[in-house]
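Welcome, and thanks for taking a look at this chain with us. Please keep the sequence and the 3D view side by side as you read the briefing.

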Amino acid sequence: MAEPDDSAAVAVVGMAVRVPGAERDLDLFWRHVVAGVDAVTFFTPEQLVGWGVPKDLVERPDFVPARAVLPDADRFDHRLFSYSPSDSALMDPQQRILLECAWAALEHAGHPPVAADGNRIGVYVGTGLNVYLLDNVWPDERAVEAAGGLGLIIGSDKDFAGTRIAYKLNLQGPALTLQTACSTSLVAVHQAAQALLTYDADVALAGAATVAPPTRRGHLHEPGGIFSADGRCRAFDAAADGTVPGDGAGVVVLKRLDDALRDGDTVHAVIRGSAVNNDGARKAGFTAPGPTGQADVISAALDVAGVDPDTVGLIETHGTGTALGDPIEVAALRQVFDSDRPDRAPCALGAAKSVVGHLDTAAGVIGLIKTVLALKHRVIPPITHLATPNPAIRLDGSVFELPTAARPWAPIDGVRRAGVSAFGIGGTNAHVVLQEAPPARPHPRRHVTELILVSAKTAAVAQTSLDRVAAHVAGTAPGELADLAYTLRTGRAELPWRAAFLTGTHGSTPTPRQVDAKARARGVALHLTGAGELTGNRPNYDADPVYRRVADEGVALLRDHDLAAAVRERCDRLLACVGLARSLCSRGVAPRAVAGAGIGAVACAVVAGILTVADALVLVRGGDLDGIRPGPAQLPVHVPGGQPPTGSGGLAYWRERAAGTPAPTTPPQLDGVLWIEVGTSVTPHLGAEQPAMPADRHARLLATVGALWQLGIAGAWDTGHDTGRRRLPAPTYPFAATRHYLDAPATRLDTGRHH
């Protein structure tokens, strides 16, 4: 078997779930897995009839009123995605949930959920049968007529699940809807990984959603069939008699491992290899499991991964808890994993369906996410409801064990590896080989004040998001704050309601405010003065590469010159002023103009591109002018006397300014723009929007940038500020879910047509 090849490895860099009992909370989902919490809900006959389940069906003795459900599946953040309430109500809830999961997964990965043009981000997703169309939408003749044929198809058809995500999030790689029944989402993971390895995509989303309306909250039990008699999924237990349907969704974000490590992504786990096949006709019937096909796909995935089966410590099984399926699955696993190695460590089996039910198309990706979390926590989770192993499952002499309690996961040959299986009705099988993430590479840690940016579509959501982020910042180690600030600044969409705050003790969190269209139209100008105390900029020098570059250049240029104290002071003021102005510009502040007098006028010439730093220092120290070639101004420059002279003929003018004192702090007329005074520190002048300014010079600069960003003026930062930074998991968007739902006919008289 070949050795694992890092160049063919794929990193899991982001995850999002909607699972029964834990909703969107990955940590809560993991705690439920470890504790064996069963998320299945049982319903009363009154509830079921009220939802539109036929009364004669509810009263049947073989009807089981149970399902693992999402309580808010009828709700959707239509404002965030710019859908009308009526279009939202028509849309398949599975596709709405999948769209929100895609957004959250990209944010969890630290990538902006609305991508920039030119990206190569792919989408590979699927959904379950659109029962909402059948039970709720189609019977509503008025809604169907209002929607029109094409509108109804676009909102309902599976074909648009992938392309809807690509359109709304501006993802420009392949966008495919895949359908292989219960194995859909794991097949999607395989296809996404293949797209990365063949360079069809540089980032790929994979997952699925299965959600049924309340009209389907229950099932009929048939002895020997797939559905449980008591509403419990007891995988691998002697009492196992079937699975329980459930609602849920999951999406993972994948990148080539080498790219993820290079880009500073958090790698949650590594996909070493994967494979897909079909049973063909090698089984008893179309819906029957096929042991040969299952064994073949697992062997193929291990071969692709270059992984020795003896080093795999956990298999997340398909694990439906059926009398026929569980023994066949273990028999297939034994064909691959039974070992003659005397010191072979046991391999545990896992079954997510015993916790969240059978999520159909989403089952595979939820099993994958569960296993990624197990690798991250280095814990083998238990199988819920396992009391007495099924005697039909022959484990004697095998490598497998059925864990009934969580235990630490010891590595095998120095590494933790796992497999994840999903087998679809119709015989399409998928298997993924996972490995724990490599140790994070060392990277520079900063212990300085950071600027935290938060935005949302509405004021209420912005406040909720701000509260979550502030709590997360408070619990983050100081050395990680730079990475967190970078993630929140570069890995989120810039939305109209905004808040910005500083880490540390530099003030409280603000109230979110809406981007000010008038302020954005006015723009901002810099009034360069060079005035203020010369000491106190060490924090800017230490934390800011742009400021440091100007200061270092100046020191190097002046090193061999013996300067009088007054001349040295003017040089220092010039360098501080230029350094701070360039630092503002590098943080997305694009001034409409620069203004100044005295030494500030010379700084204007440097910031506007008329003079270089070296030229300006020659003028200040009274050096030879022969080598100076002024350039054209890149910005309007306002100085006493009007427009400054250009070309070599203006050198005398600039030399005269260079010999002057710092400029006054009141700027010349700047045509109504907002303005920032830049001396040896920065002070914004934003009228009624003036923020409180901390004393620390670096904090003042960041607070100024944050205030401008809140107004909608500041943009993207130069990448030089982000050298060595890593993307960290951080609070994702708190969707403002509003009910958009067409109720089933039996309930409309009581609850209205839709909301």
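Which residues does Asn-277 touch, not counting residues up to four places away in sequence? The contacts of Asn-277 are Gly-293, Asp-296, Val-297, Gly-427, Thr-428 and Asn-429. Before going further, please note that this is a predicted model. The chain contains 26 helices and 27 strands, and its C-alpha trace spans about 100 × 70 × 40 Å along the principal axes.

**The chain as a whole**

- Of the 755 residues in the chain, 59% are buried.
- Taking contacts between residues at least 6 apart in sequence, 79% join residues at least 24 apart.

**Around Asn-277**

- To find Asn-277 in the view, go to strand 11, which covers residues 269-278.
- A polar atom of the Asn-277 side chain lies 3.0 Å from the backbone oxygen of Gly-293.
- Gly-293 is also one of the residues listed among the contacts of Asn-277, alongside others including Thr-428 and Asn-429.

**Salt bridges: a pair across the sequence**

- Side chains of opposite charge can pair when their charged atoms come close.
- Searching the whole structure gives 39 salt bridges.
- One of them pairs Asp-74 with Arg-739, with 2.7 Å between the closest N and O atoms.
- This pair links distant parts of the chain, as its partners are 665 residues apart. Asp-74 sits in the loop between strand 4 (66-67) and strand 5 (75-76), while Arg-739 belongs to strand 27 (residues 738-739).
- Is Asp-74 buried or exposed? Asp-74 counts as buried because its relative accessible area is 17%, under the 20% cut-off.
- Arg-739 has a relative accessible area of 23%, so this residue is classed as partly exposed.

- Glu-494 and Arg-498 form a salt bridge in which the closest N and O atoms are 3.9 Å apart.
- In that pair, Glu-494 is partly exposed at 42% relative accessibility, whereas Arg-498 is buried with a relative accessible area of 5%.
- Another salt bridge brings together the side chains of Arg-538 and Asp-542, at 2.9 Å from N to O.
- How many residues apart are Arg-538 and Asp-542 in helix 19? They are 4 residues apart in helix 19 (residues 538-543), so about one helical turn separates them.
- Arg-538 is exposed, with a relative accessible area of 55%, and Asp-542 is partly exposed at 44% relative accessibility.
- Elsewhere, salt bridges that share partners join Arg-120, Asp-202, Lys-255, Arg-256, Asp-259, Arg-262, Asp-263, Asp-265 and Arg-727 into one network.

**Packing of helix 23 and helix 24**

- Two packed helices are described by the angle between their axes and the distance between the axes.
- For helix 23 (residues 613-621) and helix 24 (residues 651-658), the packing angle is about 65° and the axes are 8 Å apart.
- Helix 23 and helix 24 are therefore roughly perpendicular to each other, and their crossing is right-handed.
- Which residues make the contact between helix 23 and helix 24? Helix 23 contributes Val-618, Leu-619 and Val-620, and helix 24 contributes Leu-651, Trp-654, Arg-655 and Ala-658.

Conventions:
Residues numbered from 1 in each chain as written. Predicted model: local features only at pLDDT ≥ 70, side-chain atom pairs only at ≥ 80, totals over all residues. Heavy atoms only, no water. Salt bridge = Lys/Arg side-chain N within 4 Å of Asp/Glu carboxyl O. Helix = DSSP H or I, 4+ residues; strand = E, 2+ residues; numbered from the N terminus. Buried < 20%, exposed > 50% of the residue type's maximum accessible area, 1.4 Å probe, protein only. Polar contact = N/O pair within 3.5 Å; in protein donor to acceptor, adjacent residues only side chain to side chain. Contact = heavy atoms within 4.5 Å. Axes fitted to C-alpha atoms, helices over the stretch in contact; angles between N-to-C directions. Parallel < 35°, antiparallel > 145°, perpendicular 65-115°, else oblique. Left-handed = near helix turned anticlockwise from the far one by under 90°.
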